[in-house]
Every structure is written in structure tokens, then in C-alpha cells.
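I want to look up how the chains touch one another.

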Amino acid sequence: MSQKMTHKHLAELVGGELIQGDPDGIVTGLNSVAEAEPGDVTFLGNARYLTALKTSRASAVLVGPDFAEPLEGKALVRVANPTFAFSSVIRHFGPPARDFTPGVHPSAVVSPKAVFDPLKVSIGPGVVIGDDVSIGAGTAIHAGVCIGQGVRIGEDCLLHANCTIADRCVLGCRVTIHSGSVIGSDGFGYEFVKGRHAKVDQVGIVQLDDDVEVGACTSIDRARFGRTWIGEGTKIDNQVQIGHNVVIGKHCIVVAHVGIAGSVRIGNYVTIAGQTGIAGHLEIANQVTLLARSGVTKSITQPGAYTGYPARPLIEGRKAMVAQARLPELMDRLSRLEKRLAAFEKAAESSTPTQG
Amino acid sequence: MSQKMTHKHLAELVGGELIQGDPDGIVTGLNSVAEAEPGDVTFLGNARYLTALKTSRASAVLVGPDFAEPLEGKALVRVANPTFAFSSVIRHFGPPARDFTPGVHPSAVVSPKAVFDPLKVSIGPGVVIGDDVSIGAGTAIHAGVCIGQGVRIGEDCLLHANCTIADRCVLGCRVTIHSGSVIGSDGFGYEFVKGRHAKVDQVGIVQLDDDVEVGACTSIDRARFGRTWIGEGTKIDNQVQIGHNVVIGKHCIVVAHVGIAGSVRIGNYVTIAGQTGIAGHLEIANQVTLLARSGVTKSITQPGAYTGYPARPLIEGRKAMVAQARLPELMDRLSRLEKRLAAFEKAAESSTPTQG
Amino acid sequence: MSQKMTHKHLAELVGGELIQGDPDGIVTGLNSVAEAEPGDVTFLGNARYLTALKTSRASAVLVGPDFAEPLEGKALVRVANPTFAFSSVIRHFGPPARDFTPGVHPSAVVSPKAVFDPLKVSIGPGVVIGDDVSIGAGTAIHAGVCIGQGVRIGEDCLLHANCTIADRCVLGCRVTIHSGSVIGSDGFGYEFVKGRHAKVDQVGIVQLDDDVEVGACTSIDRARFGRTWIGEGTKIDNQVQIGHNVVIGKHCIVVAHVGIAGSVRIGNYVTIAGQTGIAGHLEIANQVTLLARSGVTKSITQPGAYTGYPARPLIEGRKAMVAQARLPELMDRLSRLEKRLAAFEKAAESSTPTQG
């Protein structure tokens, strides 16, 4: 982490413009706004860190196009997207990525019926690969990964240590699976017969298309038959549960602890925030955003943001949330009204002449 | 997947009756209602797929006893339970189940003190088995599974790749554990002493009775002492957390992301739907159903369905949910009432003769 | 489990006082209140078990300083903290802890660049240890654990079977990680560029300070850069998700299924109960307690207990919960009020003389 660089070079590296500071000033590292030391580059990726930035010890800051704060004593580099641009800084100063080491570690147990070019894949210690598995060039499989029979894995995939890919699942190209995750566990299907839960065979597969990423400790169940299918470019976080026969479209985001029950069908560009649950057999339209902790109990046919349990359009859901927060006040107002009306009715009664 | 079959044979295979279609017509595969192609068998397991069935390209359909829709051009086979009957079709057309290969893979590390018949169990690559473990005939232990010391495993169990069974836990017969799951992690118990959390030793075990199935990435903690105990035939889904000293009865269903805190006691035939939480030390009666996302804060002593947080009997809980959805409307009505009453009071005041 | 002991010795063992029973009476084992048999010691750690204790078959009971119930036929030992004191009883009667066996199992794959004293660490079967890893004396690494490159592990740590520690993470002394957990998975960070989610490199680390314990199937993501940091003595349960760049202080408790989004900063002595979620970039003050299933959407700056979604101070949150439970009743009362006022308005109208 010590390849020092001038402010001028920093601006070139990130494709930005040095709008303040000495072009020949030197930066030597990087860190967050709060933890930066003199010599570090940082970035303002979120306006909420502006206050902290004012007291940050960083020497240089990547800022967005709208940035117009006075910030003395720091070099400022203007870029279109500071968060994204900072990746180049990380690549410059950060630790090198782990090498791709082609070959099969001697402790790996690889079926002679598996098909791959041993000079173009990297298979780590203790990996187990079953019969009839195919693996594309450029794919790295780290220590302790278990791959069942008949699995097909595309090119340039990265399987982190101790994940599991069960029989016959299919991974496209550039798929990443993090540690502890399980692709192709059985769907949760039973029929209640004579007082017992009889297992319904789960003989389908999981298919992950190109550029899918699956976080750590996530489980994706195989289809009862056919396939559980995750579309191109969709990113799934840690601790997620995806049931059998679920279909998720392209370029979706599924955040941690989300649970999606069996046979749900989700469109493209859908975002599902953390701890959300979706009941079985529902459909979710394209470009829907489900806010954190939503509980979806009906299909959603229109794009837009939804929240709450049961999930409702955002404005409606927010209103309900505000109303809930005001409930104790509401109860007081109701009690007062009842008393006022009762008093009024009593007064009226006593002043009303009897019908004669 | 190509053992073709006549409609007549299909009806025989599933123990049903061909109520429409040519007995000698041919089916060649199977798929879901939506994905079926000509030549495929499908089934109507849920009335919500009826519309889709009408445009399905399937050639033959398993339908239930009440089915009475016109559905031209398809062979119809009537059975008692289409979902369950379809399993026979899957077994006919689907991929063969993985072979049971007796023997111990040379890469497995098995304690010489473990007790089993190597001709009758299947121990895969990279498996680790500790001292004093016993394993019944017919049990298969897949790649990468780690089994601690003194574990007892019955007959015909199936332990999927990369699961972990910790010291001294006990599994009955026909128990299935999916990948990534952990049986016998320490209970979460600390006492706060002198400003620090001091660990309370967890020396009990987990006992899983016959025919229990545990999904992927699920954790079941060992008892502080004694046992955490899952009764016969109970099925547990993925991503579930079961705390120390929990007792679950027979033939229960525990769906994904459920969390059950320590020392909870659950009866028989209980269903706990997804993302539900149960607080510590509670009791749940036989034949209780907890709907998805319930939060149980008190013991439940009567059978029946419960929902919400805090969990309440279904009718009551549904009413509360409806009321919550109408809260913004309720607030408007309350404001209008206040105005009307205020106007009325003002009018009354001005028309009331002063007390003289 | 058969080292019998007199009541007198029992009192000495737990540092308590025998307040009832024969000093020379014999106990031979231990169990919970409900499962104890004659000869067993049990303890009353929670007043809710008092009723059960009265019919328990236990011969001796550890009770707290305030215990003043008549309880015939049992030896009673008074101690300051029955739950904690019972640990000594467990250690006396319970199974021996697993031996620490120094050395490296021949099936482990250990980089020649890893640094440790092979006579002072215990490395189990199938363990994989990468380049430049350092391991302190007294640390045990159980079967199937995968440790990436450049990881630093302190003294007397315990890594249970099949957990994963990814590249460059840092563990202090006496850190325990349970099975299936993943330390150092990538943070969930993408930027949306040209219709696709482009991965934001995650090059930071996870640092776990001394005496941290992490349960089973839990994931802690590495920082984007810098570190995700868990403070000394903090205990984390199973199935927890901790996002990138989160900082948790000292001596906190994080219960199962909690999800903490990226860049959250949490103080010391914070308790986060089960199934709680905390949104990204928030701050939580010292000595905050979040009750089960809370959803935190704003920073919390004051110590104290909070509950609900959105999380509020406990009294306020409880009021809202009570009000919610009374909502259906509230709606009825509101409807009645509307009718009464309407009737009254109508009556008033008909009795009001027309303005002439």
C-alpha cells in the first residue's frame, strides 16, 4: 500500500478534474472520511458524511459534480461518481487481488469424468468435483468447495472457499459464489399423507446466468422439476433464502436475510431490500423496489416502490407508518371526543322539552 | 429423460383414471404448466394455475377429483392428489437419484474408533469422522462433511456435502441434513460478570429423531445440558435458527428464516411459517399454525392459527391488520369528527342563553 | 457423568450455602427442572420455572439469595447467581471438554509460508491454511476450516469445523468461531452503470478483537477498504449478517437473525435482540438495548431500550403496540361516534328554526 502519487496523477487516474489543491502535492494511501490520515485520499459518496469530511484529516477528496462547499487545505478532485471512481484509487493503493494459480491442487479429489483444461482452471486444496462436471477456462475454485455430479460451470467464475454446488446445477460465465453458500439444496416440499409429511422429490436444478453474484451463507433451492432460475447480472447478498422454482429476472438486487418462497416470479431490475419476505406463487413486475422488511402477500403488477406488511405503494405505506406512530395520540383524541359528545348529549337531553 | 409412455400407462403409473384423451397417445417428458411443451405431462396442484393451464402446451394433465373444466386437446388423468401423484411421473421421466456407493473414500479421515460396516455405508471424499462415532447401515455421508466425536447416526441417513455434526449429537434413522447446516453449535449463553459476558458452558447435545429433515444453512444449538430435541418426522427448512434446549414435537413444519429462542417447547403437528420468531422459554400447544412473520411473545395453549406481532388468533390478527391498513382513513375521519363537534359546540354556545 | 458428591460438597463446589437438606445426602448427576430424576442437581435460574420446580424430581436445587419458598424433600443451596453457579456443577458431572491435541494433522494443507509453532497449535484433518497466515499458541482449528492468505490469528482461539476465514482478516486472542460461519466475505457493493450493477471492489478486512465469539452460519463482510471491526468481548449469535465497514464496540450482544447494514457504528454494551434490522450508515449509542424484531431507521443517540419498527423508546413503542392491539375496538368506537354525532346534527337541524 505505498505507491505514492501526485494530486495531478490522482485526477488522471480517476478521470476527474483537480478543482482545488497543488497538482504536485503527494498522496500515499486511502481511507474512509473518518479514518483517513494526512496523505490519504478519501471520497464523499454520501452527503451525510459532509460534516465528518470537514474535520477529516484526509489530504485529497473525490467529490461529485454538485459539490460546492469550501474545504480548505485539501485537494479536491471532481468526478461524475465519487463512490465508483474511488475503485480506481483502491486498485492503485490497495492489496493486490489474489493471484489466479492455474492447475489442480494435489489434495483435490476430481472425478476422472470431469471435463476442463487443467492449465486454464484453478482448483484449490481439498476441493471435491463429481462425475460429468464441466468447468470453463479462467474459473477459480477455492479450498473446500464441493461440486456434485453433472454440474456445468462457465468461464471466469469464482467459487469461494467452502461453498457447495449440488448435482446438475448450471452456472453461466463470471458467476461468483461466496463461502458457505449452497446452490441446489432440495426444495421444501412435502405432502401430508396419513399423519406424516411425505417428501416430494425435488429433481430440478438451479440455473445462475452470466454475471450473477451470490453472497455468503445463502441458500438457493433446486426446482421440484425444471429449474430455479436467476437471471443475468442479478446480485444476491448474504443469508438469503430462495425457494424452489423461483424465477428472478435480470439485474436485480436481493439484500441480506430476504426470503422468497417457492414459485415466485420476479421481473427485471427489481430491488428487494433486507429482511423482506415474499409469499409463494406471487409475481413481481419489472422495476419494483421493495423497501426493507416488507412482507409481500399479493402479486405486484406495477413498477414503483412498495413498503410495509402487507406491502403497499410507498406513499400509502408511509402514511400507514406515520399513522401507526400517532396511534396513542389518536386514542387520546378519540376518548376526548367521546366525553365531549356525551356531555353535549346529556346537556341537550336536559334542555330538550319533553315531547308532549 | 426420454422413456416415452402412453396416456393409458400414465394413468396406471399414477393410480388414476384417464377421463379425457386417446389412451394410446404418447407423452415423452414433464414440466410445469407454464414451461411444458407438446409431449409433456403436467399437473394442476393449485387452482391459481387454472388460467395458465388453459394456454399451456402440455399434452397431458393430472387433475384433482373436483376438476370439471373443459380443456380441449389434452389428455386428462384424474387422481386424488395431483401434486403428490406427480412424484411418480417425476420418478419415471426425471434424472436417476444419485447412486448409493458403499465404501469409504480414500481421502476421508475416519477415526479408527468409529464404528460402522464399511460395506454398508457410503463415506465421500474429504469427510472427517471423529472418535467413537457410530453410523448405521445405508447411511450416505457426502463430500466435506465433518462429524465430531461421539456422534451417533442411525440407518439410511443422508448427510449432504459440507454440513457439520458436532460432538455427541444423536441422529435417528432416515434423517437428512442439507449442505451448510450445523447441528450442535454452542447455545448462546453468557452471564454478565464484572462488565464482561462470561460464557456459560454448553455441554448438552442435539437429538434429531427418525425421519427429521433439516434444510441448508440451518443451525441447531446444543443444549446447555440435557438435549435440544427435534421429534420424529419434523421437517425444518433453510436458514432456520433453533436455540439451546428447544424441544419440538413430532411432524412439525418449520419454514425458512424462523428463529426459535432457547428453551421453547413446541407440541406435535405445529406449523411455523417463514420469518416467524418465538421468544425464549415459551410453550406452543399441539396443532398450532403460526402464519408467516409472526412474533410470538406469550405461550400459546390452544390449537389453531395465529398471526401478527404480537401473535394473536387468526381472526383477531386479521382484523388488526385490516384496521392498520385503514389507519390513514381513520385519522381523517377522526379529524372531521373533531371539526364537526367543535362547530356544533360553538353554535350551541352562541345559541345558549347565558346563565343569569 | 457419575462422579457422585454430597450436598455439603455441592455447596462448596458452587461457593454457596446449604440452607436445607442433609449435608451427607448424595447427588449423582444434573438436569433441568423438568427432566431431573432423583439424585440430580438442578437450579432455579428463572422465576417462571418455580411451579415446575415444585413437582420436579430433583434432589438438590441451586437457588438465588431471594428464594423463600417452602420446598420439602429437596436439598437447597443458596448462591448469588444460580445460572452461573450451575456451570461448576456441569463441569463436575458433564462430559469432558474436547482435548487440545497439539500438532498438524497429516491431511491438512498448510502453506510453508504460514507461521506458527506446530507443537503449540492444533490443526485438524482437512484444514487448509494459506500463505503468510500467523497463528498464536493454544489455538485449535478443527476439521475442514479454510483460512485464506495473510490471516492473523491470536492465541487460544477456537475455530470450529467448516468455518471460513477469508484473506487478510485479523482475529485477536480467545476468539471463537462456530461452524459454517464466514469471516471476510465481500461487502455487498455495486454501482449502477449503463444498466448493469458493476461490482465495487471490497479490499478491506474484518478485525475481531479479543474474546469475540461468533455463532454458527453467521457472515461478517470485509470492509470496502479499511476494516469491519468487532470490539473486545462482543458475542454474536447464529445466522447474523454484518455488512461491510460496520463497527461494533466492546461487550455487545447480537442475537440470531440480526442484520446490520453497511457502515453502521455501534457503541459499547449494546444488546441487539433477535431478528432486528439496522439500516445503513446509522449510529447507535453506548448501552442501547434493541428489543427483538426492532427495525432501526434513524440513529439512536441516547442509552436505553428501544422497540418496534421504526424503533422508538420502549415506553412509546409499547404504547403503540397496545394501541395497535386495540385498533379494531377503536374503529368500532369511531363508527359509533360518527353515528351519534350525525343523529345529533340531524335532530339539531330539524329543531332549529329557519332563518327568516
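Below are my entries on two interfaces, one after the other.

**Ground rules**

I'm working with a predicted model, where local features need pLDDT of at least 70, side-chain atom pairs count only at pLDDT 80 or more, and totals for chains, interfaces and linings use all residues. Residues are numbered from 1 along each chain as its sequence is written, chains are lettered from A and ligands numbered from 1 in the order in which they are written, and side-chain values use heavy atoms, with hydrogens and water left out.

**Entry 1: chain A and chain B**

I started with who touches whom. Chain A puts 68 residues into the contact and chain B puts in 65; contact here means heavy atoms within 4.5 Å.

Next I looked up the buried area, which is the accessible area (1.4 Å probe) that two parts lose on being put together, summed over both. For chain A and chain B I got about 5,300 Å², with 60% of that from carbon and sulfur atoms.

How many salt bridges are there between chain A and chain B? I noted 6, the rule being a side-chain nitrogen of Lys or Arg within 4 Å of a carboxyl oxygen of Asp or Glu. I wrote down the salt bridge of R98(B) with D167(A), at 2.6 Å from N to O.

Then I checked which parts of chain A do the touching. Elements giving two or more residues to the side facing chain B include β22 (196–199), α4 (314–325) and α5 (327–351) of chain A. Helices (H or I, at least four residues) and strands (E, at least two) are DSSP runs, numbered from the N terminus. The top giver on this side of chain A is α5(A), with 8 residues.

I also sorted that side of chain A by class: 27 residues are nonpolar, 25 polar and 16 charged. For the classes, Ala, Val, Leu, Ile, Met, Phe, Trp, Tyr, Cys and Pro count as nonpolar, Asp, Glu, Lys and Arg as charged, and the others, Gly among them, as polar.

**Entry 2: chain C and chain A**

I moved on to the next pair. Here 68 residues of chain C meet 65 residues of chain A. The area buried between chain C and chain A comes to about 5,400 Å², and carbon and sulfur atoms give 60% of it.

I found 6 salt bridges across this interface. What does K199(C) form a salt bridge with? Its partner is E213(A), and the closest N and O atoms are 2.8 Å apart.
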